[in-house]
Amino acid sequence: MALDILKERGTPLDRQAFNWRDLVQVPYSKLDDDAFSRVRIILMNGIELESVRFLHSFARVNRDLRRVLAQVRRVDHHQVTLVNWLNPPDQSPLETTIGYEQVAIEITAHAALSEPDPYLAQVYRFGMLEDYDHLYRYSALLDRLEGKDANNILQSYTDVTPGRPTAVEHRAPEDDVRAPYDRKTASPISKLNALTIMAAEQQTHNYYVNVGPFFTDPVARLLYAEIASIEEQHVTQYESMIDPDETWLEKWVLHEANEVYNYWSCLQQEQNAHLKRIWERFLDYELGQLHVAIDHFNRIERRDAAEILPASLPDPVSQKSHRQFVRDVLSREVHLRAVGERIVDPNVIPESAATLAYRQQMNSAGSPSEIVAAGYRYTPGTELSRRAVTTDGQKEATP
């Protein structure tokens, strides 16, 4: 279904209302609902949080728009609350972490496949292989701490095998800054992809630095600290892909368009009827917010928003398994590294001295991601069947 975002005006901003019970709705089932319902909830929570963060920053540098930005931001905050509270209380923080990494892998895979710019597509593939390894390390931790099989969350959509080892992902800050797209020539999907993946990685970073300290297991605390650092690197990487010469109003319009695009994508693919109604409602809300931004953009910059927006949205974000694509990229590109703005073969262009020194310092007391996965190999069904060692050193099956 095509959606003309320049004509569809959605729900007017002054009619976007909530009450407390409306904000806290029945959560999904972590076992009975499809795993991509969780993916959509985590993704849209990140998209909304990015919007709130952006609108706060915009208000701090623009006197005249502070009130309208506050109005839009309050609605976005309530949308964040409703979406995030759809997570079930019986899903542990570590199980939720598995969901976060599934989002990072599958949605970044979509960005890589849909991206028309070869350089930007390679950056997405590069980051995807790092999140892929994070899933493996957290799966080992889930087995260690809770005796659970990560596949109960992943539902066989995403493999659990090592990617680019987390221990070698640590880079000097200057080697995480990428070349931006050109706002005048970039495809609309390039702009939407960058905003989507930046938002997803930003919320992942924030989640890890918030939940990590609450684990009692010392390896868990170390692992969250290590991977949170990589997620900060990823935020640096993806935000640097966005043209810094876009005006604040231009960025506002693109943020609102990206929210429309992602809710519309969720609506096209959601199987849970309750969630589908939420996506439909918030799509209408975001269309209303988009036209508030467009009206201000057109009036203040004396430009037509049609210059920066597509008449109809690109194909939906493919919220599905990209297993074969990920496997193919893993086999070809796991050895690649980053030097400055480039993704390189280290056999041809060695990593920078700054990155090598930084990595050596960070790993000087050992790598938590290596420790947690030592001796671990993912085996499906570990929650149901274990191998125990008997007194004579032989292994026997235990239920």
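H291 is found in helix α10, which covers residues 273–301; helices here are DSSP runs of H or I with at least four residues, strands are E runs of at least two, and both are numbered from the N terminus. The model is a predicted one, in which local features need pLDDT of at least 70 and side-chain atom pairs count only at pLDDT 80 or more, while totals for chains, interfaces and linings use all residues. Residues are numbered from 1 along each chain as its sequence is written, and side-chain values use heavy atoms, with hydrogens and water left out.

H291 has a relative accessibility of 3% and therefore counts as buried; the term buried applies under 20% relative accessible area, exposed over 50%, and partly exposed in between, with a 1.4 Å probe and protein chains only. When neighbours within four places in sequence are left aside, H291 is in contact with I5, L6, K7, E8 and R9, where contact means heavy atoms within 4.5 Å.

The secondary structure of the protein chain consists of 13 helices and 4 strands. For 399 residues, a compact globule would have a radius of gyration near 21 Å, and the 22 Å of the protein chain agrees with this. The radius is taken over C-alpha atoms, and the globule rule is 2.2 Å times the number of residues to the power 0.38. The C-alpha trace spans about 80 × 50 × 35 Å along its principal axes. Among contacts with a separation of 6 or more, 85% join residues 24 or more positions apart.

Of the 399 residues of the protein chain, 57% count as buried. The chain exposes about 17,300 Å², of which carbon and sulfur atoms supply 52%; accessible areas come from the Shrake-Rupley method with a 1.4 Å probe, and for residues only the protein chains shown count as cover. There are 43 positive and 59 negative side chains, and the centres of the two sets lie 3 Å apart. Lys and Arg are taken as positive and Asp and Glu as negative, without His or the chain ends, and each charge is placed at NZ of Lys, CZ of Arg, CG of Asp or CD of Glu.

In soluble globular proteins, nonpolar side chains tend to be buried together. The largest nonpolar core of this model holds 111 residues, of which Y124, Y138, W252, W279 and L309 touch the most other members. Helix α5 (residues 118–146) supplies the largest share of this core, with 13 residues. Such a core is a set of buried Ala, Val, Leu, Ile, Met, Phe, Trp, Tyr and Cys residues joined through side-chain atoms within 4.5 Å. Apart from its neighbours within four places in sequence, Y138 is in contact with L94, T97, I98, E101, Y208, L223, Y224 and I227.

Two further buried residues lie in helices. L23 is found in helix α1 (residues 20–23) and is buried, with a relative accessible area of 4%. Its contacts, leaving aside neighbours within four places in sequence, are F18, H78, T81, L82 and W85. The C-alpha atoms of L23 and E174 are separated by 42 Å, and the two residues are 151 apart along the chain. R38 lies in helix α2 (residues 35–59) and is buried, at a relative accessible area of 2%. Beyond neighbours within four places in sequence, R38 is in contact with Y28, K30, Q91, G99 and I153. R38 and I153 are 115 residues apart in sequence, with a C-alpha to C-alpha distance of 8.9 Å.

The loop between α6 (151–154) and α7 (188–211) contains K184. At 69% relative accessibility, K184 counts as exposed; its C-alpha is 9.3 Å from that of D243, 59 residues apart in sequence. Neither is a glycine, yet phi is positive in Q155, at about 55°, and in S156, at about 70°. Q155 counts as partly exposed at 22% relative accessibility, and S156 counts as partly exposed at 43%.

S321 is placed in the loop between α10 and α11 (323–333). At 25% relative accessibility, S321 counts as partly exposed. Leaving aside neighbours within four places in sequence, S321 is in contact with F36, E106 and Y157. S321 and T158 are 163 residues apart in sequence and 6.4 Å apart in space, C-alpha to C-alpha.
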